[in-house]
Amino acid sequence: MNRTRPLAAAALLAAALMLTACGPSQGWSKKDTHPSAWAIDEKNCLWEAAHEQAPDGTYTPVERSDEDTQARVEQCMRNLGYTWGEVDD
């Protein structure tokens, strides 16, 4: 079982966020939600993207491509009502 896959996806996400620091800040935002909650929701979405529920109700890590993981995180965040774009610092 390769446990580095979720870490690699998190590192990729962090790198992408750091690269946007050169220009206008980009990130997830949700009206009437404090920015501290955004990071928690994003971490939860990343965890969900890296795990699947087994028939017995337990969760097991799964290997996915970075692109698939990122797409799942994006969909999860959108399902929670977040939008991606410029954010206030």
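Predicted model: local features only at pLDDT ≥ 70, side-chain atom pairs only at ≥ 80, totals over all residues.
**Notebook: aromatic pairs and salt bridges**

Residues are numbered from 1 along each chain as its sequence is written, and side-chain values use heavy atoms, with hydrogens and water left out.

I then searched the whole structure for aromatic pairs and got two (ring centres of Phe, Tyr or Trp, the last by its six-membered ring, within 6.5 Å; planes under 30 degrees apart are stacked, over 60 edge-to-face, the rest tilted). One of them joins Trp-28 and Trp-84 edge-to-face, at 5.2 Å centre to centre and 75° between the planes. Trp-28 lies in strand β1 and Trp-84 in strand β4, so the pair ties together parts 56 residues apart in sequence (strands are DSSP E runs of at least two residues, helices H or I runs of at least four, numbered from the N terminus). Trp-84 is partly exposed, at 38% relative accessibility.

Next I looked for salt bridges and found three (a side-chain nitrogen of Lys or Arg within 4 Å of a carboxyl oxygen of Asp or Glu). Glu-52 meets Arg-64 at 3.2 Å, N to O, and I recorded Arg-64 as buried at 9% relative accessibility. Asp-68 bridges to Arg-72, with the closest N and O atoms 3.3 Å apart.

Note on methods:
Buried < 20%, exposed > 50% of the residue type's maximum accessible area, 1.4 Å probe, protein only.
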